[in-house]
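Notebook open, structure loaded. I'm jotting down what I look up as I go.

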Amino acid sequence: ATSFQAAGTYQLSADPVNPWRGIFNWDEGFPQDRYVPPSFDVSWGNRNRPAMIDPNYGRTGYTQMWNFNLQRELPGRFVLDMGYVGNKSTGLRVSELARVNQLRPEVLSQYGTRLGNAVTNAAQAAANGIAYPYPGFRGTVASALRPYPQVQGNQTVQVYGAPLGFGTYHGLQITMNRELASGFTLYSNYVFSKTLGNMESMMLNDNPGRPLDYYNLALEKAVAASDRTHFVKLFADYELPVGRGRFLWPDAGRLTTALLGGWSVSGILNYGTGTPLNFSGSMPSSQWNGATNRVNVAPGKLKVDFDGAKWNFLSPRAPENAILDKGKFSDPAPLTLGTGAMRYTQVRNFPSVGEDLALIKNHHFGEGKRLQFRADMLNAFNRSNFGGIVTSVTNPNFGQVTSKGGARSIQFLMRFEF
């Protein structure tokens, strides 16, 4: 959090002796004697976490977009649309990436455990092999080595609007559509894509764990947290051709048509690749003021075969609950930063799978009146959804699948429209 030293404020704290008593009576109006006018103190930031507007705030980010599509009408009133879609965003405002006043990573190994030693005078500074920042400085070796050692403790400077964010998207999009004909409607969509970047969004505080090294922002480029390599969506609706004038039983009577006609079935199907996992390791030092440390990752296949039928609910650490090859991941040694990327496209959460089906019966009464009955089956095939993969390498359950959810839900609805 950041305060503003030159802003006026109202002292509206509760009475320390009798906190249950009201501060003032609304009938007498808002008290003006509790207002504390603003004051200007150039050293305020030294005792608090200072903030600033990035010098390049006025540089507006931009997005370039391009696409190429082919459409084709197919027999049976089907329409096929195939296209390549790409975009590239540059200079997006991401405050978290500008971690001003962060320690340089090289001082971790250079000074080691001395980073926590006290520095209150020139002699102590010399004994630790550093320059004394300024007369009167009181802190540690780590805080003395920062670009702005006068800032209290080991704080960084909060920067707003740094235009350091970027992202790219490339995708193949295929759509097969069939408008209502002979009682059948279909909409299906398949996307094969990849999203890379160094941010999640431009929302403040929406990019946690960044940057690991402010002085090497290239380390932040990784597959996006929302990336899904494959995704298929399908909606279909079919009105059964039964009853008078229909394909089946075209000469049926009124009662038979009322009972057997007007039925339709529909389904919404979703299948998608899981989102990438984000790993974390131990902080390199208690004096480190950078982001959460990452892990070391060895080359090769990072996941092991997981059989959901053998998942052990009663024993979270059971070998059959593992989904990661734990030997490929290791916690960085003290005073070092992890060498792994923030995310890997080949290490993901479980796929997103869902089928929702509906059976609908419509009965029309004269003009403008309809009685509808429907049965909805959510997660119709009662699929299990595994999750809770532990990604902190210091957690005893690292690499384990810890949760299972998902159950079929059936609901009935009757509605009369007029």
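Predicted model: local features only at pLDDT ≥ 70, side-chain atom pairs only at ≥ 80, totals over all residues.

Which residue takes a positive phi in the hairpin of S4 and S5? I looked, and Gly76 does, with phi near 80°. The hairpin has three residues between the strands.

**Entry: the S4/S5 pair**

I stayed with these two strands for a while. S4 covers 62–74 and S5 covers 78–92. They run antiparallel, and 13 bridges join them.

Then I asked how many of the 13 residues of S4 are buried. The count is zero, so S4 is hardly covered. Leu70 is found in S4, and I have it down as exposed because its relative accessible area is 54%, over the 50% cut-off.

**Entry: the nonpolar patch**

Which residues make the nonpolar surface patch? I listed Trp66, Phe68, Leu70, Met82, Tyr84, Leu172 and Phe192. Together they make about 670 Å². S4 gives the largest share, three residues. S4 and S5 each supply at least two.

Asn56 sits in the loop between S3 (51–53) and S4. I noted a relative accessible area of 34%, which makes Asn56 partly exposed.

**Entry: the chain as a whole**

I stepped back to get the overall picture. The protein chain has five helices and 22 strands. Its radius of gyration is 31 Å, well over the 22 Å that the globule rule gives for 418 residues, so the chain is more spread out than a compact globule. Along the principal axes, the C-alpha atoms fill a box of roughly 105 × 70 × 50 Å.

Buried residues make up 35% of the 418. The chain exposes about 24300 Å², with carbon and sulfur atoms supplying 57% of that area. I looked at contacts too: taking those between residues at least 6 apart in sequence, 70% join residues at least 24 apart.

**Entry: salt bridges**

How many salt bridges does a search of the whole structure find? I get 11.

I went through three of them.

- Glu200 and Arg210 form one, with the closest N and O atoms 3.3 Å apart. Both residues lie in the loop between S10 (184–197) and S11 (222–223), so the pair ties together parts that are 10 residues apart in sequence. Is Arg210 buried or exposed? Arg210 is buried, at 2% relative accessible area, whereas Glu200 is partly exposed at 30%.
- Asp305 forms one with Lys301, and here the closest N and O atoms are 3.9 Å apart. I have Asp305 as exposed at 72% and Lys301 as exposed at 58%.
- Glu417 and Arg415 meet at 3.1 Å, N to O. Glu417 is partly exposed at 28%, and Arg415 is partly exposed at 39%.

I also found a network: salt bridges that share partners join Glu200, Arg210, Glu220, Arg294 and Arg343.

For background, most residues other than glycine have a negative phi, and most peptide bonds are trans.

A cis peptide bond joins Arg210 to Pro211, with omega about -15°. Pro211 has its place in the loop between S10 and S11.

Asn101 is not a glycine, but has a positive phi of about 85°. I found Asn101 in the loop between S5 and H2 (106–111). With a relative accessible area of 1%, Asn101 is buried.

Asn382 is not a glycine either, and its phi is positive at about 55°. The loop between S19 (369–378) and S20 (385–387) holds Asn382. I noted 38% relative accessible area, which means that Asn382 is partly exposed.

Methods: Residues numbered from 1 in each chain as written. Heavy atoms only, no water. Patch = residues over 30% accessible without salt bridge, like charges linked within 9 Å, V, L, I, M, F, W, Y side chains within 5 Å. Areas by Shrake-Rupley, 256 points an atom, 1.4 Å probe, with all protein chains shown as cover. Salt bridge = Lys/Arg side-chain N within 4 Å of Asp/Glu carboxyl O. Helix = DSSP H or I, 4+ residues; strand = E, 2+ residues; numbered from the N terminus. Buried < 20%, exposed > 50% of the residue type's maximum accessible area, 1.4 Å probe, protein only. Pairing = 2+ DSSP bridges. Rg over C-alpha atoms; globule rule 2.2 N^0.38 Å. Contact = heavy atoms within 4.5 Å.
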